[in-house]
Amino acid sequence: MNKIIHKAGERGVAEHGWLHSRHSFSFAEYYNPEKMGFGSLRVLNDDIVEPGMGFGTHPHKNMEIISIVLDGALEHKDSLGTGTVINKDDVQVMSAGTGVTHSEFNHSKSEKVNFLQLWIFPKEKNIKPHYDQRSFPETNRINKLITAVSGDEKKSALYIHQNAEIDLGIFKKDNSVKRKVSFNENGLYVFVTEGKIDVEGEVLTKKDAIGLTSISEVSIKSLEDSKFIIIEVPMN
């Protein structure tokens, strides 16, 4: 088993007044040659958008884009004709494929929105763009993992074009779980959104992360009430 630990305070910082971003990997003006991604996971941004602000229309191509809203609500519009609101506990997937444009706004007059955005390289390029969204209520995630995103069409999850998965979990103090790798030779990246957990002997707190490779499963124990995300991706 190989481990790499990324502490919350070591992430890239971008402050734009209306947008407060923390970058787990090199992105925009933040560049760290040792943090260019984790296997097929290229981007993990932790964004807070101020009320009444947002990202104007911009393009994407050949990337699987996943947004997970932690607090607040984010309005989404795209060139596929989609117009929707992504609320707390919602997960959105957008396969950019041959090309898509979209915008994201916080239309609340008083509440900020905090969301994670992940970019995962697809297993094939120039596919037809695709959009999907689903809610994963916290009550369904207590002391268990829910697979929200998967490249396995047989699973009841949002589909992406990659042999990858994203699990969501909420674990009360002193509960534990073992998570097996779904696709051979994939790595696991565990990101803590709340609380404190032990991952294979390593203690992680809020917004810390650990990448694990050369493994078949991972053991996780909650040291206090915790929320975390497991991102499984190919490593090549």
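A residue is called buried here when its relative accessible area is under 20%, and this cut-off applies to each of the close-up views below, which show a predicted model.

**View 1. The aromatic pair of Phe55 and Phe115.** Because its relative accessibility is 18%, Phe55 counts as buried, and Phe115, with a relative accessible area of 1%, is buried too. The structure holds six aromatic pairs, one of which is formed by Phe55 and Phe115 in an edge-to-face arrangement, with 6.4 Å from centre to centre and 90° between the planes. Phe55 belongs to strand S5 and Phe115 to strand S11 (residues 113-120), so the pair ties together parts that are 60 residues apart in sequence. Ring pairs also bring in Trp18, which is linked with Phe55 and Phe115 into a cluster.

**View 2. The stacked pair of Phe171 and Phe228.** The ring centres of Phe171 and Phe228 are 5.4 Å apart and the ring planes lie at 20°, so this pair is stacked. Since Phe171 is part of strand S15 (residues 165-171) and Phe228 is part of strand S22 (residues 226-233), the pair ties together parts that are 57 residues apart in sequence. Phe171 and Phe228 are both buried.

**View 3. The open sheet that contains strand S5.** Four strands form an open sheet in the order S5-S10-S7-S8, and their pairing is antiparallel. Strand S5 (54-60) and strand S8 (83-87) stand at the edges with a single partner strand each, so that one side of each is left without a neighbour in the sheet. From one strand to the next, the twist averages 20°. Within this sheet, strand S7 (residues 73-78) pairs with S8 in the antiparallel sense over five bridges, and Glu75 is found opposite Val85 of S8.

**View 4. The surroundings of Gln92.** Gln92 is located in strand S9 (residues 90-95), and because its relative accessibility is 0%, Gln92 counts as buried. The side chain of Gln92 is joined to the side chain of Tyr131 by a polar contact of 3.2 Å. When neighbours within four places in sequence are left aside, the residues in contact with Gln92 are Ile65, Ile66, Ser67, His76, Ile86, Tyr131, Asp132 and Gln133.

View 5. Strand S18 (residues 196-199) pairs with S21 in the antiparallel sense over three bridges, with Ile197 standing opposite Ser222 of S21.

**View 6. The two faces of strand S16.** S16 is paired with strand S21 (residues 217-222) in the antiparallel sense over five bridges, and Lys221 in S21 is the bridge partner of Ser176.

Conventions: Residues numbered from 1 in each chain as written. Predicted model: local features only at pLDDT ≥ 70, side-chain atom pairs only at ≥ 80, totals over all residues. Heavy atoms only, no water. Pairing = 2+ DSSP bridges. Axes fitted to C-alpha atoms, helices over the stretch in contact; angles between N-to-C directions. Buried < 20%, exposed > 50% of the residue type's maximum accessible area, 1.4 Å probe, protein only. Polar contact = N/O pair within 3.5 Å; in protein donor to acceptor, adjacent residues only side chain to side chain. Contact = heavy atoms within 4.5 Å. Phe/Tyr/Trp six-rings, centres within 6.5 Å; stacked < 30°, edge-to-face > 60°.
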